[in-house]
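Here are some notes for a colleague who is opening this structure for the first time. Please keep the model in view while reading the points.

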Amino acid sequence: MLEVIGAIAYPALYAALVGVLLGFSPARRSTKIAVAAAAALWGVIVVTIAGFGLSASGAAGPVPIPVVVSAVFFALLFGAWAARPRFRDALLSVPLPALVAVNVGR
């Protein structure tokens, strides 16, 4: 039963987080649509990996796939932070109360 609740709650929390970050960012509409599409694609990739059972321990070799997926995500995030001042400004413009409200679900 807890798995079903988690399967409903975590995607909703992910969508809320992406929506708040995009809603409060001063980016152009086309940029927001592109980021929303990339976030949706990222979610599909993660669900597909889990659906094929590749997130199980030892399923894809010595390095678990979720570790690789998380490393790629953080590399892209920190790379964009360092290389793009507009990306950094957009993330820093999100009000702190909105970030706290989104993370209450964790």
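1. The crossing of helix 1 and helix 2 is right-handed; a crossing counts as right-handed if the near helix is turned clockwise from the far one by less than a right angle, and as left-handed if anticlockwise. The axes of helix 1 and helix 2 cross at roughly 160° and come within 10 Å. That makes helix 1 roughly antiparallel to helix 2. Axes here are lines fitted to C-alpha atoms, for helices over the stretch in contact, with angles running from 0 to 180 degrees between N-to-C directions. Angles over 145 degrees count as roughly antiparallel, under 35 as roughly parallel, 65 to 115 as roughly perpendicular and the rest as oblique.

2. A word on the source. This is a predicted model, where local features need pLDDT of at least 70 and side-chain atom pairs count only at pLDDT 80 or more, while totals for chains, interfaces and linings use all residues. Residues are numbered from 1 along each chain as its sequence is written, and side-chain values use heavy atoms, leaving out hydrogens and water.

3. Now the overall layout. The protein chain has five helices and zero strands. Its elements run α-α-α-α-α from the N terminus on. Helices (H or I, at least four residues) and strands (E, at least two) are DSSP runs, numbered from the N terminus. The C-alpha trace spans about 40 × 35 × 25 Å along its principal axes.

4. A second pair deserves a look. Helix 2 covers residues 29–51 and helix 3 covers residues 65–83. Their axes come within 11 Å and cross at roughly 170°. Helix 2 and helix 3 are therefore roughly antiparallel to each other. Their crossing is right-handed.

5. How much of the chain is buried? Of its 106 residues, 11% count as buried. Buried means under 20% relative accessible area, exposed over 50%, and partly exposed in between (1.4 Å probe, protein chains only).

6. Leu 22 sits in helix 1 and is buried, at 16% relative accessible area. Leu 22 and Val 35 are 13 residues apart in sequence, with 7.9 Å from C-alpha to C-alpha. Ala 90 belongs to helix 4 (residues 85–92). Ala 90 is buried too, with a relative accessible area of 15%.

7. Gly 79 is in helix 3 and is partly exposed, with a relative accessible area of 35%. From Gly 79 to Ala 36 the C-alpha distance is 19 Å, and the two are 43 residues apart in sequence.

8. Finally, check the surface. Leu 2 lies in helix 1 (residues 2–24) and is exposed, with a relative accessible area of 69%.
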